[in-house]
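Reader: I am new to this structure. Could you take me through its interior and then its overall form?

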Amino acid sequence: MAIIQTTRRRILVTGGAGFIGSHLCDRLIALGHHVICVDNLSTGTAENIAHLRADTAFSFLHQDVTQPLRVDVDEIYHLACPASPKQYQTDPVRTMRTSLLGAMNVLDLAQQKGCRVLLASTSEVYGDPERHPQTEEYWGHVNPIGPRACYDESKRCAETMFFDFHRQYGTDIRVARIFNTYGPRLLQTDGRVVSNFIFQAMQGVPITLFGDGTHTRSFCYVSDLVEGLIALMNHSGAQPGPVNLGNPSEITMQQLADEVLAQTASPSIITLHPLPKDDPKRRCPDISKAMDLLGWAPEVHLQDGLRKTIAYFKRKVPLAVHDVPNSGRATG
């Protein structure tokens, strides 16, 4: 989907050195905007934005979003928050602070500047869903005191804050619910299933699959996801969301492992392990709203996206076998 923009804007991207955030920065600059990337580099990396540092259309602010933001901007994409189970469960209190205070700070800034602000929410707000596929009207099935709740519930609360600011103050908001996304710049150690499977396959060590292999996810290539975020931000109607952004092509974890093994020609075997607590059994978006409202749908097929992702990982310095993450849970 081609996006054409003619007005140059100063756009703030929180979490802009992260996996999705850095791709978003790339695309916004390519569209002719000036991007201010805010990141504390706790889960994002300087490497992800190194190619942008000399670009006059790019500025970097090393700051935690839990601190008030004082920048002059025309638009805000709020992506800052640990997003993989390994990351957000390492320090759950910090995860909640980042999600909640970060949301409050970008909303305060949007109020001060009179600008639109987009929240990168998550399919995790649906929890372990009892409705399939998931529509935006579904309220979810979330364990509020489980090990994943620091992320699931803080994102649900962030959505509440966004809509309360919209109702009470008229803040111009957009809310995207992002489903599993993959592609270049995924960290090999962040616990996401695609990167884990690829690195384990490349090293020839066992692929650790949690569950019996029948639980499902749907995977959206990062370039498609970025186009969806920009389309939602630029939507001129009164509908602020939430809007599901993801790929509705559902696949089992066994099928994903088999595809990775085939593309890497790996001798790795697949080993099964108990499914972690509250890990969803099925996850797949209904993207009817995104298609109708934004004219958006993903275009990159999983086989092609995996090929590009594997090629990126092969350019990285190979890991020692003992450094390969031993986690193949489906979340990511």
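**The interior**

Author: The largest nonpolar core comprises 61 residues, and those with the most contacts inside it are Tyr 77, Val 194, Phe 219, Leu 229, Leu 245 and Leu 256. A nonpolar core is a set of buried Ala, Val, Leu, Ile, Met, Phe, Trp, Tyr and Cys residues joined through side-chain atoms within 4.5 Å; buried means under 20% relative accessible area (1.4 Å probe, protein chains only).

Reader: Which helix gives the largest share of this core?

Author: Helix 7 (residues 222–234) does, with 8 residues. Helices are DSSP runs of H or I with at least four residues, and strands are runs of E with at least two, numbered from the N terminus.

Reader: What other core lies apart from it?

Author: Another core of 24 residues does, and Ala 80, Leu 109, Phe 162 and Val 175 are among them.

Reader: What is the basis of these values?

Author: This is a predicted model, in which local features need pLDDT of at least 70, side-chain atom pairs count only at pLDDT 80 or more, and totals for chains, interfaces and linings use all residues. Residues are numbered from 1 along each chain as its sequence is written, and side-chain values use heavy atoms, leaving out hydrogens and water.

Reader: Now the whole protein: how many helices and strands are there?

Author: The protein has 10 helices and 13 strands.

Reader: And how much of it is buried?

Author: Buried residues account for 59% of the 332 residues.

Reader: What are its spans along the principal axes?

Author: The C-alpha trace spans about 55 × 45 × 40 Å.

Conventions. Buried means under 20% relative accessible area, exposed over 50%, partly exposed in between (1.4 Å probe, protein chains only).
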